[in-house]
Amino acid sequence: MSRRPHHFILELVLVALCIALAWIAPGFFSAENALNVLRNISMQGIIALGMTMVIVAGEIDLSVGSAVAFAGCWTAYLTGTFAGVLAWPPAVAVPVAITVAVITGFLLGSFTGFIRMRFRVPSFITTLALMTGLSGAAELITNGFPLTPFPEWYNMLGGGYLAGIPVPALMLLCVFLASSFLMNHTVFGRSVYAVGGNAEAARLSGVPVGRTKTAVLAITAALAAVAGVLQSSEIMSGTATTAKGWELDIIAAVIIGGTSLSGGSGSVRGTMVGVMFLGVIINGMTLLNVNEYWQHVVRGILILTAVLLNRAPATQGTFREAAA
Amino acid sequence: MTTLELRNISRVFPGTVALQDFSARWEGGKIHALIGRNGAGKSTLVNILTGALAPTAGTVLLNGNPCTFRSPADARRAGIAAVYQELSLLPDLDVIENVHLGRLPVRKGILPGRIDWKAAERDTRDLLDRLRISLPLHTPVRHLSVAQQQLVEIAKAMGSSPGVLLCDEPTSALSHQEAQCVFALLKTLAIDGALVIYITHRLQEIRSLADTVTALRDGVSNGTIPSSAATPERMVTMMFGEDVRFSRMIDHPPLPSPVLEVRGLTRLPAFSDVSFSLHAGEVIGIAGLMGSGRTELLRTLAGADPPDAGEVVINGRVCVPRSPAQMIRCGMVMTPENRKDHGLLTLMSTRANMTLPSLDRLASHAVTSRRREQQVVARMQQELDIALADPEAPVSALSGGNQQKVVLGKWLATDPRVMLLDEPTRGIDIKAKAQMFQTILRLSRQGIGLLVVSSELEELLLLCHRLLFMQHGRITGSADAGSMRLETLLARCMESS
């Protein structure tokens with residue numbers, strides 16, 4: 001929470017990168033491209049902000065990619081059912097379907113939290129199971145083919161603009177402001193840092209460990225569902241094969257943003273920078289016509305470099321009092 | 001026959017002399033007890049003999065040959081092995097593997113490097129036969145009793161047939177009965193010619209076990225006597241000096257109203273049927289050895305571990321401790337023994353640590369207020385005299401004494417009625433200790449009831465109105481601390497019931 005000079009290294013590198021790309025990459029320095037970058041990062045960004053809370057709380061969620069695909073398919077399926085079988089008007093069917101999908105996500109996250117606290121199963125395991133399970137569920141719902149029950153105006157959510165800014169980017173901004181407030185200015189946020197730093201010490205201090213961990217997992221799964229809705233709106237269908245591997249991109253962005261995988265430290269602000277950093281790099285490489293395979297290699301190098309840069313200054317060996 | 005001679009050994013640490021001009025001569029075939037209160041220099045001596053520390057001055061002679069150990073491996077090669085109170089076994093491996101840890105026999109031949117399990121088993125059997133103990137060879141050691149595990153530990157140390165075995169309080173976690181099998185083994189080793197040095201807090205063990213008793217006080221040897229001459233009074237005098245007198249610090253009477261009543265509290269196997277009451281403004285000390293159930297009792301009272309039976313009445317309200325959060329709301333808080341793992345969140349700032357349990361009441365509608373948090377930190381900083389350069393820096397940057405004050409401060413910010421202090425002066429310097437005493441006095445004058453656990457019995461005499469004696473999980477009696485002499489207290493704590 002305290003800001004030290006090394007916390008700004010990533011911001012400086014990001015600015016330097018943008019300046020460099022403005023020089024060498026044709027078309028980088030334009031409002032249109034900036035909006036393009038924003039739209040590209042927003043869906044993963046929304047989830048990454050939640051993932052930051054999960055990782056700070058000492059947990060992990062590997063199911064977010066599948067959860068995006070599942071939420072999109074689930075929304076499409078429900079819309080189709082409501083509008084088709086029940087003959088509801090789309091103006092009712094779509095909002096109800098979205099609400100149910102987001103609530104489903106929230107419940108799935110709560111389930112992970114419940115299993116974590118009740119049976120002491122690491123969230124890594126439960127979400128790994130969910131990753132496979134949800135992916136299969138999405139295929140089952142869609143029967144392997146994209147579902148396209150959406151009305152024309154549904155595209156507004158994922159593909160539209162409000163005051164010239166992509167709607168998903170506005171959503172990202174809202175989630176950023178909310179999560180930033182939650183983590184920095186509420187009792188809940190302090191609890192998240194505490195349970196991730198040392199769950200037993202937090203429990204002894206009266207912090208509700210189970211409730212806090214379950215809450216961050218539920219929030220993140222709900223945000224993944226929101227991203228799934230936006231995604232389905234952008235491509236105007238519920239597609240089971242979408243968002244494959246997102247979980248790793250998202251975790252990478254969180255780590256690049258300076259959050260420690262061992263829990264207890266990190267910030268949503270850092271994650272925001274990490275997300276933008278990855279977005280700009282990929283955009284720049286695309287503009288420079290860098291081979292896609294090379295892009296993956298560069299991303300790998302980036303993750304490692306960022307972690308090395310962000311590493312907290314080595315804690316000095318504590319002087320041990322004379323054991324006598 | 002093995003002999004171990006120490007000539008004028010000194011060890012200086014920055015700021016303290018842990019061991020000064022220590023000389024002793026020990027012979028093989030005997031058990032030599034080493035006594036001294038905490039901080040007397042016993043562990044320093046063990047560390048020097050095992051090669052973990054180098055002496056600042058002096059010579060160690062093993063069988064008449066001077067030797068310098070550069071590492072524990074050096075000392076082991078020379079024939080000095082050690083067993084500690086904390087077990088170093090791997091719980092999921094069986095006895096054979098634990099005894100051979102890092103030196104399992106391997107087969108030669110066409111596929112070299114394969115483990116020779118038959119040889120390992122034969123070797124383990126031989127070793128256990130030699131020590132005249134029997135243990136299940138193929139059971140993971142986690143399924144053995146603590147006493148059996150300690151036997152495995154000793155067998156492991158004896159695997160290399162060392163001439164000298166150092167035992168640093170190997171029975172402190174064992175009951176009196178359980179300890180007997182360890183004693184039997186040590187006697188066997190001595191009969192077979194080994195030189196056993198046995199460090200203990202339990203004076204009553206010494207006469208039946210050891211042949212000689214050596215006492216350390218403030219890093220200085222206070223003589224060696226045959227154990228037949230070692231009466232409890234004599235040993236206490238050797239450990240504490242001729243004139244043990246303390247000026248008692250506590251001077252005010254407790255208030256008539258009880259703040260805490262404990263009724264039949266039980267958590268097996270740690271303690272059972274504990275009942276007592278604590279008055280407002282009263283300081284009660286729990287006098288008991290490590291393993292007596294004192295820490296577990298405090299943890300249960302604080303809601304950290306649920307009890308099997310019993311209840312507490314706090315401020316007239318009956319409740320069963322279920323969680324720390326619940327007990328904090330009731331006004332009962334605990335500063336734990338292990339500050340780093342249980343008391344503080346080392347990644348977080350001093351401010352965040354200090355306000356963590358009271359954050360709810362400092363917040364309005366769950367939104368934290370930095371200003372109010374800073375006020376709390378400033379108040380505690382002044383009240384407890386915390387040397388705090390930057391409240392936003394990680395709390396781990398503070399010294400042990402200041403960290404302990406932060407732990408106290410975080411609980412004081414919740415306005416507690418009862419405070420449970422587990423080893424409040426462990427690992428802090430003398431100045432911080434004196435301040436801790438003053439703080440405890442001040443809090444008791446303010447009407448807070450305090451329950452203190454400390455291994456430093458003389459501290460309890462200074463601070464407490466009343467003492468509760470705890471042994472093997474039971475309260476065995478209570479006494480007015482004002483009329484008690486340290487010798488009597490020590491004798492009482494160390495007598496086995």
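Predicted model: local features only at pLDDT ≥ 70, side-chain atom pairs only at ≥ 80, totals over all residues.

**Entry 1: A:Val37**

I began by asking what A:Val37 touches, and found A:Gly279, A:Val280 and A:Asn283, leaving out residues up to four places away in sequence. I placed A:Val37 in helix α2 (residues 31-56) of chain A. Then I looked at distance along the chain: A:Val37 and A:Ile282 are 245 residues apart in sequence, yet their C-alpha atoms are separated by 9.0 Å.

**Entry 2: A:Met183**

Next I went to A:Met183, which is in helix α7 (residues 167-185) of chain A. This residue is buried, because 23 other C-beta atoms lie within 10 Å, and the cut-off for buried is 20 or more. Which residues does A:Met183 touch, not counting those up to four places away in sequence? I noted A:Met53, A:Gly189, A:Val192 and A:Val268. I also checked A:Asn40, 143 residues away along the chain, and its C-alpha atom is 25 Å from that of A:Met183.

**Entry 3: helix α10 of chain A**

I wanted to know whether the length of helix α10 (residues 209-235) of chain A made sense. With 27 residues at 1.5 Å a residue, α10(A) should span 39 Å, and its end C-alpha atoms are 39 Å apart, so the two agree. How many of its 27 residues are buried? I got 23, so α10(A) is largely enclosed by the rest of the structure. Just past the helix, A:Met236 takes a positive phi of about 55 degrees.

**Entry 4: where chain A meets chain B**

I turned to the contact between the chains, which takes 26 residues from chain A and 33 residues from chain B. On the chain A side, the elements giving two or more residues are α8 (187-197) and α9 (199-204) of chain A. Which of them gives the most? That is α8(A), with six residues. Sorted by class, the chain A side has 13 nonpolar, nine polar and four charged residues.

**Entry 5: the two domains of chain B**

Chain B is split into domain 1 (3-240) and domain 2 (258-494). I looked up how far apart they sit: their C-alpha centres are 35 Å apart. The contact between them uses 12 residues from domain 1 of chain B and 11 residues from domain 2 of chain B. On the domain 1 side, α7 (203-209) and α8 (232-240) of chain B each supply at least two residues. The most comes from α8(B), with four residues. By class I wrote down five nonpolar, five polar and two charged for that side.

**Entry 6: strand β17 of chain B**

I picked strand β17 (residues 418-422) of chain B, where five of its five residues are buried. B:Val418, B:Leu420 and B:Asp422 point one way, B:Met419 and B:Leu421 the other, and all are buried.

What does β17(B) pair with? Strand β16 (residues 332-335) of chain B runs parallel to β17(B) and is joined to it by four bridges, with B:Thr335 opposite B:Leu421. Strand β18 (residues 449-453) of chain B is also parallel to β17(B), over five bridges, and B:Val418 stands opposite B:Gly449 there. From β17(B) the chain crosses through helix α16 (residues 430-445) of chain B to β18(B), a right-handed β-α-β crossover.

**Entry 7: a hairpin in chain B**

Strands β11 (residues 258-267) and β12 (residues 271-279) of chain B pair antiparallel over six bridges. I marked B:Leu260, which stands opposite B:Leu278 in β12(B). The two strands form a hairpin with three residues between them. B:Pro269 is in that loop, and a cis peptide bond joins it to B:Leu268, with omega about 0 degrees.

In β12 of chain B I also found B:Asp273, whose phi is near 50 degrees, a positive value in a residue other than glycine. B:Asp273 counts as partly exposed because it has 13 C-beta neighbours inside 10 Å.

Note on methods
Residues numbered from 1 in each chain as written. Chains lettered and ligands numbered in written order. Domains from an automatic or database assignment. Contact = placed C-beta atoms within 7 Å. Nonpolar A, V, L, I, M, F, W, Y, C, P; charged D, E, K, R; others polar. Expected span 1.5 Å × (residues − 1). Buried ≥ 20, exposed ≤ 12 C-beta atoms within 10 Å, placed from the backbone. Pairing = 2+ DSSP bridges. Right-handed = clockwise from strand over helix to strand, strands pointing away.
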